[in-house]
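Morning, everyone. Let me put the structure on the screen, and then I'll walk through it.

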Amino acid sequence: MNNRKEEQRKGNWFGTMLSYAKGSGGKLSLSVIFSMISLSTGLVPFYCVYKVLDLYMAGNLDGSGVMQWSVIAAVMYLVKVTCFGISTGISHYVAFNVLEGMRLKVADLFLRAPLGEVYAHSIGEIKGIIVDKIEDIEPPLAHVVPEGAGHILLPVISFVALAMLDIRMALAALAAFPIGLLFMVLTFVISGKNMTKYQEANAHMSSVIVEYVEGIEVIKAFGKSGTSYEKFAGSIKNYRDFVIEWMESTWFTMKMAFAFMPATLLGMVPVSAYLVSKGSITVSQMALGVMLAMSMVVSMAKLEIFSNGLRQMEYTVNEIQKLFDMKLLKEPGKEGKPDGYTIEMKNVHFTYNPEEGEVLHGIDLVLKEGSFTALVGPSGGGKSTVAKLIARFWDITEGSIKIGGIDIRDMKITSLANLVSFVTQDNFLFSCSIMENIRLGNPKATDEEVKAAARAACCEEFIMKLPDGYDTSAGEAGKRLSGGERQRIAIARMMLKNAPIVILDEATAFTDPENETKIQESIANLTKGKTLLVIAHRLSTIRSADNIVLLNDGRIEASGDQNKLLAGSPLYNRMWQAHIGARNWAAGKVKEA
Amino acid sequence: MLRTIKKFFDFCGDRERKQFFLSIFLSVFNAFFVAMRIPAIYVVLKAILEDSLSVNTAYTAVVIIIASIILQTLITMQISMLQTRAGYNTSSLKRMEIAEHLRYVPMGYFNSEGLGKVTSIATNTMESLSGMASRCVMMISKGMITTLVIVFSMFLFDPRIATVALITMVIYLIVTEFMIRMESADADRFTAAQDSMVARILEYVRGIAEIRNFNLFGKSITDVDDSIDSFARFSTGMETTYEIVMFFLNILNKIAGVVMTVMSITFYLNGSMGLVNSVMMIICSFMIFESLDQVGAFNGLTRAIENCVDKANEALSFPTMKIEGKEITPDNMTLVMKNVDFSYGEKKIINDISFEINEKTQTAFVGPSGGGKTTLTQLLARFWDVDKGSVSLGGTDVRDYSYDSLMKNFAFVFQNVYLFNDTIENNIRFGKPDASREEVVEAAKKACCHDFIMELPEGYDTVIGDGGASLSGGERQRISIARAIMKDAPIIILDEATANVDPENEEKLIEAVAALTREKTIIMIAHRLKTVRNADQILVIDKGQIAEQGTHEQLMQKEGIYKSFIAERSKAATWKIRKDPA
C-alpha cells in the first residue's frame, strides 16, 4: 500500500506541491497563459517586417507604411514584455506562497506528529529542509513553469506559421534536427555508462573530505596530519581527473548535437532560395521564414535548461515530501475524564519500524497514583521507550496504556500534556526572559509564584547574579548558564505546571557535577506527592523506590523493591555490584576505598 | 558584475586564470562563427535581389553554414575543455589548500559546528564553484564579448545603426550593474529576514517538546507562523522590484530593435543605404540583443558566485600557528608550565599559571566548570599557543618541536569520540599504522573491546559509521581507548566522562582506562571523587588561576574549594530520590 502511495506521489508531485498554497494551480495557469501570449505576440513583429518588405517589393513603400508597421511592432513588443512581466510576477507570487505553505505545513506537522518521529530527524536536517531545500524550489517554480511552457509552445507556433507560409520551408527548417538528435543519443549512450561511476567518485571524495575534516582533531592528535593529507590530496586529484576525463569523452558528440539541433538555417536557406528562384515564394516571405526559423532556435536551446530545472525541482519536492509523510497522532473528537492518576500498561508491544523488529514484547505494569517506580536494566533494554510511550512520543503497536482508566489515545494531546511532566537532560529555554521561561509552566502564575518556583528549584541564587535578574533574556544568558542551571530552570517551569505525573528520563545523570546537590534538591521538591517514574543509571539514587522494574530485552525480567530484587534477581545483583564497584574506582591504580 | 568576475579570477590560481582567459578569447571566435550564418543569408539575399541566384549561390550558403557549425563544434569543445579543466583544477586546488590550512589551525579552534561548515565548503561549495560558478562567469563574459563583437561588426555595415546598438548595450549594462548593486544591498536585508525566520524555526523545533508539554499550541511563543509569513511577504516584495527593473530592460532591448529596423528602412528609402545592407540590418536587429539577454539571465547568479568565493576564503582565514619545528625526542616527560596567560577572544581564560608535572605521576585538575581546566590540558599539548609564558616538555619549549614529533608523546581520551568510517581494526590501528592484527586484538582486549567486537557480524572487519555497525557511546569510547593504547604514548590526557554510562559499561570503561594509564604520566580532568583521591598532585583551578594545590590529604586540611567540593560530592553520591518511600 505504501508503494502505491509512493507511486501516486511520484506521478503527481507537482500537484501535491501546488496544493500547499490554495488557489496556486489557477494562478499558475494564468501565469502560463500570459507567458504564452507574451511569446506568441513576440512573433508579430516578424510579420510586420514581412509586411514592410512586401510593400517594398511591390514598390508601395513610403514613410507612413513604415511608421504604421513599426508602431504595430513596437506595441506588440510592449505587450510581449508586459505579459512576460505579469507572468513572472504571478509565478513568483505563487512560488513564494507555495514555499510559505510548505513551511507552515512542516511547523504544523511537528505539533501533531509523534515526538519520537520529530526527534528521528536532526536539527540540522530539519533546518536544511525548512530553510534551504524549500527555498531551492523557488527559482525553478517561478521561472521554469511559465517560461518553459512558453518555450515549448513557441517552436510549435513558429513551425505552424512556417508551414502556413510554405510547408516545404517548414520541413527544411527541421532538416538538421535529426542529425543533432542522433548526436544527442550518442552522447547519452557514452555518458550514461559513466554517470553512476561519477556519482560514486563524488560520494567517495565527499566521504574522504568529511573524514579528514571531522576527524582532524584525532588525525592531529595522532601526529598523522602529513600522511592523512597525502591520502586526502590523492583522492581529490583522482576525482578531478575522473570528472575531466568523463566530460571529455562526451564533448565531441555533445557539441555536435548542440550545433546541429538548432541549425534550422542549414536546410532553410538553400530550400527557401530555391523556392524564391522558382517563384513559389516571394523574397519577403523568405525573410519572414528565416526570422521564424531563427526564433525557434532560441526556444529549443532554452528547453534544455528548463528540463534540467524541472528534474531538479521534482527531486527536491520528493525529498521534502518524505518529511511530510510523517505519521501523525490521531486525536479523539470527544475525550474521557481520567479518574485519578494511576498509570496502567497492559500487554504493551512496540515496534519503531518493522525492519528493526519489536522493541517491547508485552509489558504489563501498574504505576499507582502517588507511587515511585524506577525503571532499570541494561542499555537497549527498553527503559526509555517505556517512559516515552507513556508521554505518547509514539503510539504503541499493541495493547493499551491508560491513565486514570482512560486510554491515552482517547485523550487530547493537550490534556495528556497537562497530566505529564517529562524531565530530561535536554532542557530548552526560549529566547524570552527567564521569568517568562518559567511562567510557561503556568501562564496564569503571578511574578511571586514564578519566584517561589524558582526558589524551590534552587534557581534564585544564580538568577540574581545575572545582569537583569529575572528579566535577563534566556538567549543572552544562555551562554552563561551551565547545563545544570538550565536544568533547574526547566524544573522550576515543571513545578509551576504542577502535573500529577512526573517522569524523569535520566534526568539524574547530571551534566555538571558541581551543581549536583542543588539539582537533587530541586528534583526532590518537584516530585513530592506525584506519581513518579524514574529511569536512572545510578542505582543508589532509586533504592528507595516502591517498585523497581528490571527491563531486559523488551521484557520485564523482575520487579519489586530493592531487597526483593537483590535477593531474587541475579542480573540486578550484578548491576548493583558493578555500580558499587564503579564508585570505588580510581585511574592508574585499582584500590578499594 | 565586473567586480564579481574580477573577484572570481583573483580567487583562481594563475594557471587556471590563464585557461579561463583563453577560453573567453576563443569564445569571441566562436561568436564570429555563429555570426557566419548571417553572411550565408546575405549571400542568398544579395543574389536574389540582384537577380543572380544560381545553384552555386545556394551551395555557397550551405557550405558557409556547415563550416560555421563544424568550426563552432571544434571551438566550443576547446572552450569546454579549458573551462572544465580550469574549474575542476580550481576546486581541487582549493580543497587541498583548505585541507593544508587545517593542519596549521590550532586544534582548540575546532568545534563540531565549525568543522561541519568546513566540510560543507570543501564538498558542496567547491563542487558548485567548479560547476555552476565557473560556467556562469564564462557565460557572462562570453555574452558580453559576443555582443560587443556583433555590435562592432555592424559598424562595418552602417555606423549610424551600430551606434544605436552600442548605446543600447551600454545602457543595458549600466542598468544591469545597478540592479546587481541593488541586489547586493538587498542581500543583507534578505539574509537578515531569512536569519530571523531560521532563528524562529530553530527555536520552535528545539523547543517542540516544551511547546507540546506546556500546551503552547495556538499562541506559539516562537511566532513561527508569523515569521514564515513575513519572510514570504518580504521575498515577494523584493522580487517584484527586480521584475520591474527587468521589465524596463526588456523594453529597452525590444524598442532598440524596432528603432534599428525603422532606421534601416528609412535609410534605404532616402537612399543612404543599400537594399541588401538594409535587409541585413533588419535581421541583425532582431538578433544582437540575444547575447545580452544571456548576460541578463545569468546575472541573478552573481550573488551565488560571490558567495562561493567568500565561503572558501572564510575557510582559509582561520587563524594558524607555526607547526614546523625540529624533530625532537625529549629526554624525560616532565611538563612545565611557566607564567602562562591565555585568552580566547577577549576573555582571559588562564591568568599567570605555573606548575610542573613529573614523569609517571598522576595529576588531576578539579574545579568549577568554566574555570579553565580543559584549556590548561589543551595548552599542555599545544592545541593552542600560549599568549605569554611558556610550556615545555623535557626542558624544550613545545613550540620548538615539530607538531608531529610533539604529538608522539601524547595520547588523548576525549569525551567526544570520533571514529573513522572504516573497519574497527583500522580504527584501532590508527594509533600505530604498522601494527599486526595480533597487536590490534591485544589492544582491543586490554580496552575491553574484544568481546563486543567478536559479537559483531564481521568482527574486526566490521565497518563503523553510515551503513555500518552502530555502537553505543561506551563501546565507542573503549575503541578510542584501544586506539590510544595502540599508540603507547608516555603522557595520557584524559577527560573523564561526566555523563553516566550504564553501570556494566562503566566498569569495563574503568578497566580499559586502567590498562591505558599503567606506568604513564597521567593528566586528567576529574569529576569523580575516587579518581581524585589517588592523584599525586591535585590542582584546583578557579577563574583561570590555581586556587589550591597539593595531595588529597593536604587539601582536606584546608578550608577551601576542594574540601567543600568533596563534601558536596559525597553528599550527592549518597542521595536518593525521595528519602522515605511514599
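One term before the strands: two strands pair if DSSP finds at least two bridges between them. Helices (H or I, at least four residues) and strands (E, at least two) are DSSP runs, numbered from the N terminus. Now the ground rules. This is a predicted model, where local features need pLDDT of at least 70, side-chain atom pairs count only at pLDDT 80 or more, and totals for chains, interfaces and linings use all residues. Residues are numbered from 1 along each chain as its sequence is written, while chains are lettered from A and ligands numbered from 1 in the order in which they are written.

Start with strand S1 of chain A, residues 343-351. What is the sense of its pairing with strand S2, residues 358-367 of chain A? Antiparallel, over seven bridges. A:Thr351 sits opposite A:Glu358 in S2(A). The hairpin of S1(A) and S2(A) has six residues between the strands, and there A:Gly357 takes a positive phi near 85°. S1(A) also pairs with strand S4 of chain A, residues 398-403, antiparallel over five bridges. In that pairing, A:His349 faces A:Glu398 of S4(A).

Over to chain B. Four strands make an open antiparallel sheet, in the order S2-S1-S4-S5. Strand S2 (347-357) and strand S5 (396-397) of chain B are at the edges with a single partner strand each, so one side of each has no neighbour in the sheet. Inside that order, strand S1 (residues 335-344) and strand S4 (residues 388-393) of chain B run antiparallel, joined by five bridges. B:Lys338 stands opposite B:Ser390 of S4(B).

Next, domains. The bounds come from an automatic or database domain assignment. Chain A has domain 1 (2-175 + 281-324), domain 2 (177-260) and domain 3 (343-583). The C-alpha centres of domain 1 and domain 3 of chain A are 56 Å apart. Chain B is split into domain 1 (2-315), domain 2 (323-409 + 490-500 + 519-577) and domain 3 (417-488). Between domain 2 and domain 3 of chain B, the C-alpha centres are 28 Å apart.

Chain A overall. Chain A holds 23 helices and 10 strands. Its radius of gyration, over C-alpha atoms, is 36 Å, well over the 25 Å that the globule rule gives for 593 residues, so chain A is more spread out than a compact globule. That rule is 2.2 Å times the number of residues to the power 0.38. Along its principal axes, the C-alpha trace of chain A spans about 115 × 60 × 55 Å.

Contact here means C-beta atoms, placed from the backbone, within 7 Å.

Last, the core. A nonpolar core is a set of buried Ala, Val, Leu, Ile, Met, Phe, Trp, Tyr and Cys residues joined through C-beta atoms within 7 Å. Buried means 20 or more other C-beta atoms within 10 Å of the residue's own; exposed is 12 or fewer, and partly exposed is in between. The largest core has 331 residues, and A:Val420, A:Ala492, A:Ile503, B:Val44 and B:Ala482 touch the most other members. H5(A) gives the largest share of this core, 21 residues. Beyond its neighbours within four places in sequence, A:Val420 contacts A:Ile390, A:Ala391, A:Ala499, A:Ile501 and A:Ile503.

How values were computed: Contact = placed C-beta atoms within 7 Å.
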